[in-house]
Amino acid sequence: MLENYRILITKDSMQANVITRDINRTFPAHDYFKDTDGDGQDSLFKICKAYSVHDEDIGYCQGQSFLAAVLLLHMPEEQAFCVLVKIMYDYGLRELYKNNFENLHCKFYQLERLLQEQLPELYNHFLDLNLEAHMYASQWFLTLFTAKFPLCMVFHIIDLLLFEGLSIIFNVALALLKTSKEDLLQADFEGALKFFRVQLPKRYRAEENARRLMEQACNIKVPTKKLKKYEKEYQTMREQQAQQEDPIDRYKRENRRLQEASLRLEQENDDLAHELVTSKIALRNDLDQIEDKADVLNKELLQTKQKLVETEDEKRRQEEESAQIKEVFRRELEKAESEVKKTSAIISEYKQICSQLSTRLEKQQAASKEELEMVKGKVLTCERCCELFRKDGELIPEPGQANVHQDVDEEKELLKKQLREMELELAQTKLQLVEAKCKIQELEHHRGTLLNEIQATKNSWLSKTLNSIKTATSTQSPPTPPPKEST
């Protein structure tokens, strides 16, 4: 078949114009088929033309391009043609097109009988509306649901069809009618046709809805024996009608039915064309809006880039200022630490001096006491000093003893004077020590103030830098974050 396909695509087809017209209407919103001169439409045209040459009895039928397009989305062009031929011949799809769509009407009769058995309320409602199966289910059988329904659902259906056979169409059709029962019971004739044409396919755009529908379709039982029974009923009914009906009336009826089918197909084609035009207009408007938005975003991007450049300059300038401030604070801190060390050395020296003076004072006091005790002992051992009398609370020494007592008094006064001087020197030293401690506290306070100022300046600079970067990047959608700096 692959070799045959390479020969068929070189031959001319009488239906090339019809195929070309339908190709433009096949999945017009899909990226692979939307371009007129694209690979998708070219491959689709070749497959449809090759089949019309290969199967001269059927040729090209309207809607066949949708099935070929679904196959093209899964396999190369040559293989898609081979699978299409397989479905048409071995799966019996081409039988629906033969003998003036007689087999197709048999399928409609079988569907109505299944509807009467499983959904009698909906069947009776359709009878009241004079709504026949061929009015809503023709594309379901001829295109295998590919013309109207979303691709996510179509792929499931083709999968099941290749595995189960053409009878799976009845399962899907009954599942669609069951899920839409309430809406259809409330609709009139025109509303029901519009529902089948527009609203029903939209329900299954979500993959979850399509998945649930296929699960329900697989759970519906359609016995093969019943289908054969209904087929025999249809054939018997057609034979009886053929015997009772005048050939001219039958011809008129068939002609009228074909005209109605043709009008319906033309209406569907017009609807598809209208949807295509509407979709193109909507896409064009969306594209214009996106382009306008892109222009605005580009302008904002340029402004953001300019702000980022300015922010980087400001950031470098602030880093330089911060480095200068850090250098100044470092020098001040070193100077303060040097002064603290000097002050600590001075305090240590003052403490050492005070310790030495205290020791010296204690020694002198001890020596003075010993000397005083010694003098007292000498005075007490002197007989003449003991014979002294008191007069008005004072000792009156004898003339020979005056010089001795005078020397003792002078020595005592001298010792007292030295003691006062040492005490005064000690007090001055303590005062200097207190002043030094105050100075140290003042230096430590100054040092703490400098450290606080350094930290506050650092935090202020970091906050200002981060705010500038956030302000600059907040208008960009979405911005690329700058690399983080280590603090």
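**Ground rules.** I am looking at a predicted model, where local features need pLDDT of at least 70, side-chain atom pairs count only at pLDDT 80 or more, and totals for chains, interfaces and linings use all residues. Residues are numbered from 1 along each chain as its sequence is written, and side-chain values use heavy atoms, with hydrogens and water left out.

**Whole chain.** I looked up the secondary structure and found 17 helices and two strands. These are DSSP runs numbered from the N terminus: helices are H or I with at least four residues, strands are E with at least two. Next I checked burial: 35% of the 487 residues count as buried. Buried means under 20% relative accessible area, exposed over 50%, and partly exposed in between, with a 1.4 Å probe and protein chains only. The accessible surface is about 31100 Å², and carbon and sulfur atoms hold 51% of that. That area comes from the Shrake-Rupley method with a 1.4 Å probe; for residues, only the protein chains shown count as cover.

I also looked at contacts (heavy atoms within 4.5 Å). Taking those between residues at least 6 apart in sequence, 75% join residues at least 24 apart.

**The core.** Which residues touch the most other members of the largest nonpolar core? They are Tyr 136, Trp 140, Phe 141 and Leu 176, out of 90 residues. Helix α10 (residues 168-179) gives this core its largest share, nine residues. A nonpolar core here is a set of buried Ala, Val, Leu, Ile, Met, Phe, Trp, Tyr and Cys residues joined through side-chain atoms within 4.5 Å.

**Helix α10.** I found 10 of its 12 residues buried, so α10 is largely enclosed by the rest of the structure. Among the buried ones are Ile 168, Phe 170, Asn 171 and Leu 176. Leaving out residues up to four places away in sequence, Leu 176 touches Trp 140, Phe 145, Phe 149, Met 153, Leu 200, Tyr 204 and Leu 213.

**Loops around α8.** His 134 sits in the loop between α7 (120-129) and α8 (138-142). Is His 134 buried or exposed? It counts as buried because its relative accessibility is 12%. Its side chain makes a polar contact of 2.7 Å with the side chain of Glu 132. A polar contact is a pair of N or O atoms within 3.5 Å; within protein, one must be able to donate a hydrogen and the other to accept it, and residues adjacent in sequence count only if both atoms are side-chain atoms.

Asn 130 is in the loop between α7 and α8, and its phi is near 60°, a positive value in a residue other than glycine. Asn 130 is exposed at 57%. Leu 144 lies in the loop between α8 and α9 (151-164), with a positive phi near 55°. Leu 144 is buried, at 0%.

**Cysteines.** I counted zero disulfides, meaning pairs of cysteine sulfur atoms within 2.5 Å. Cys 106 is buried at 4%, while Cys 438 is partly exposed at 44%.
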